[in-house]
Amino acid sequence: MQSLWRATCPIEKREPLAQNRTADAVVIGAGITGILTAFFLQKTGKEVVVLERGRIAGGQTEGTTAKITAQHGLIYRRLIDQLGEGPARQYAQANQEAIEAYRRLIREEAIDCDFQKTCAYVYSQNLRLLAREAAAAKQLGIPATLVEKPPLPFPAAGAVRFRDQAQFHPLKFIRALAQKLTVYENTPVQSVDDQRVQTPGGTVRAKKILFTCHYPFVNFPGLYFARMHQERSYVLALENAPFPAGMWIGADRPSYSFRRYGDLLLFGGQGHRTGKNPGGGQYAALRRAARTLFPQSREVYAWSAQDGMPAGGIPYIGPYSPSRPHWYVAAGFQKWGMSTAMAAAVLLSGALCSKEPSWAPVFHPGYLRPGELSAIGRDGKESAAGLARRFFAVPTASAGDLAAHHGGVVLQGGEKAGVYKESASAGTVVSPRCPHLGCQLEWNPEEKSWDCPCHGSRFDRQGKLLNGPAQTDLPAKTQKSGTV
């Protein structure tokens with residue numbers, strides 16, 4: 001399904017890399033973080049090359065709801081309690097400054113991207129928690145106030161309002177910046193060795209290498225696969241769905257997100273860990289909620305996205321690893337990618353020019369956050385279970401048991417196979433083993449994809465890579481006569 005942003009903003013295609021290059025910096029990933037980082041570095045006079053596996057803004061950036069805000073749910077009371085006021089203030093300052101950085105850049109570059117100043121709200125039935133959050137945010141210098149009984153079309157005891165936040169059209173923004181950059185599309189990175197990046201069409205040698213590709217795919221060093229998991233969420237764009245002005249997100253369960261774009265209401269929710277929805281039904285549940293809340297509405301667009309959830313609750317932005325002094329990373333944006341992307345671009349471009357912002361330490365990847373080890377343990381159990389399924393879970397179904405337009409892991413000739421039935425008698429057969437670290441993939445009936453419950457890689461029904469950290473497609477398996 002195509003997002004509103006992609007449908008309303010085509011971006012000119014770029015050619016793949018077909019030669020060897022040298023540069024001051026190579027940026028891996030042409031989403032909003034990579035484009036912003038490359039733009040800032042180029043403004044300092046550095047020669048920058050951007051490598052993109054697919055299309056510019058073709059990953060998670062086109063799936064965003066495009067809220068530029070320091071309001072990240074009920075986060076600031078927790079940050080003060082866990083990290084102390086100093087690091088919590090750094091986090092708040094980084095995201096507040098990101099809003100102004102967008103405003104300044106859009107004005108300086110005269111970018112027409114529907115940028116609009118607005119308020120951001122987190123609502124809940126628990127007024128006590130909201131009051132604590134409002135007090136914590138104000139303590140950190142954020143313009144926050146408690147609103148009791150907000151004018152919502154469902155019960156809510158109150159909301160915390162952040163003034164002077166913003167929203168925009170992310171692809172219009174990226175298109176304007178990308179026109180000024182050297183970007184190679186359809187150029188997957190095959191390997192990274194010290195200061196050399198290998199792609200199918202050539203190599204790039206660079207003094208600095210920046211991983212802004214959503215999920216770091218080099219497992220060692222860094223161990224980012226053990227420090228974060230991925231979650232998916234879903235969005236509907238609705239016509240004739242009246243809703244109060246501003247950007248809203250719920251703190252309770254189920255939690256829904258709302259923001260307006262012109263005459264449309266963007267209505268999001270139904271999030272889950274990637275690879276953990278064997279029954280599907282997320283879009284159906286969101287549509288039922290839409291019919292209840294907005295019975296006269298009409299669906300115009302529907303799409304989904306996913307993001308990395310860091311074990312310690314703080315994104316990883318900074319040096320990739322002490323053993324790789326030329327590498328940098330930005331990952332684990334925990335569904336707040338617009339403000340975090342700008343913060344990451346400011347931090348990374350500053351680090352390469354010896355001008356790191358004062359708030360940089362809170363994001364340092366080498367910093368072990370409180371609670372991170374226990375979260376790593378929980379994610380490790382999920383990964384171990386996914387790996388164990390590959391060896392010990394025996395499918396009870398055969399390809400013949402699958403209905404047309406459905407998929408599943410089945411036994412085929414005594415071996416496991418991932419089968420998708422194109423029709424009653426024809427289908428596609430792929431390996432059900434994730435090429436990242438070997439976990440068994442799960443069939444996602446919601447989006448007709450093969451998803452990894454360990455680290456979040458995804459593949460379409462023919463096995464083509466959709467989301468990393470995997471870097472290759474699924475190997476096709478031979479179809480045995482009469483098995484599909």
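## Loops, helix packing and cores in a predicted model

S354 sits in the loop that connects α8 with α9 (372-392). The model is a predicted one. Although S354 is not a glycine, its phi is positive, about 60 degrees. S354 has a relative accessible area of 71% and is therefore exposed, the cut-off being over 50%.

A110 is another non-glycine residue with a positive phi, here about 50 degrees.

| Cis peptide bond | Omega |
|---|---|
| R253 to P254 | about 0 degrees |
| G468 to P469 | near 25 degrees |

P254 is in the loop between β12 (247-250) and β13 (256-261). P469 lies in the segment after β24 (465-467).

### Helix α4

Helix α4 covers residues 85-108, and its 24 residues should span 34 Å at 1.5 Å a residue; the end C-alpha atoms are 34 Å apart, so the two values agree. The buried residues of α4 include Q90 and N95, along with A88, Y91, I99, Y102, L105 and I106. What do the buried residues of α4 pack against? Their partners are the helices α2, α3 (76-83), α6 (170-178) and α8, and the strands β3 (67-68) and β6 (158-167).

### Helices α2 and α8

The axes of α2 (residues 32-43) and α8 (residues 337-352) come within 8 Å, crossing at roughly 35 degrees. This crossing is right-handed. On the α2 side the contact is made by I32, T33, L36, T37, F40 and L41; on the α8 side the residues include G337, M338, A341, M342, A345 and L352. Sorted by class, the contact has 12 nonpolar and four polar residues, and no charged residues.

### Nonpolar cores

The largest nonpolar core has 87 residues, and those touching the most other members are I32, L36, Y76, Y102, F168, F173 and F363. Leaving out residues up to four places away in sequence, L36 touches Y102, L105, F173, L177, A341, M342 and A345. L36 is also one of the α2 residues in the contact with α8, while Y102 and L105 are among the buried residues of α4. A second core is separate and has 27 residues, among them A23, V49, V204 and I209.

Methods:
Residues are numbered from 1 along each chain as its sequence is written. This is a predicted model: local features need pLDDT of at least 70, side-chain atom pairs count only at pLDDT 80 or more; totals for chains, interfaces and linings use all residues. Side-chain values use heavy atoms; hydrogens and water are left out. Axes are lines fitted to C-alpha atoms, for helices over the stretch in contact, and angles run from 0 to 180 degrees between N-to-C directions. Helices (H or I, at least four residues) and strands (E, at least two) are DSSP runs, numbered from the N terminus. A crossing is left-handed if the near helix is turned anticlockwise from the far one by less than a right angle, and right-handed if clockwise. Contact means heavy atoms within 4.5 Å. Ala, Val, Leu, Ile, Met, Phe, Trp, Tyr, Cys and Pro count as nonpolar, Asp, Glu, Lys and Arg as charged, and the others, Gly among them, as polar. A nonpolar core is a set of buried Ala, Val, Leu, Ile, Met, Phe, Trp, Tyr and Cys residues joined through side-chain atoms within 4.5 Å. Buried means under 20% relative accessible area, exposed over 50%, partly exposed in between (1.4 Å probe, protein chains only). The expected span of a helix is 1.5 Å times one less than its number of residues.
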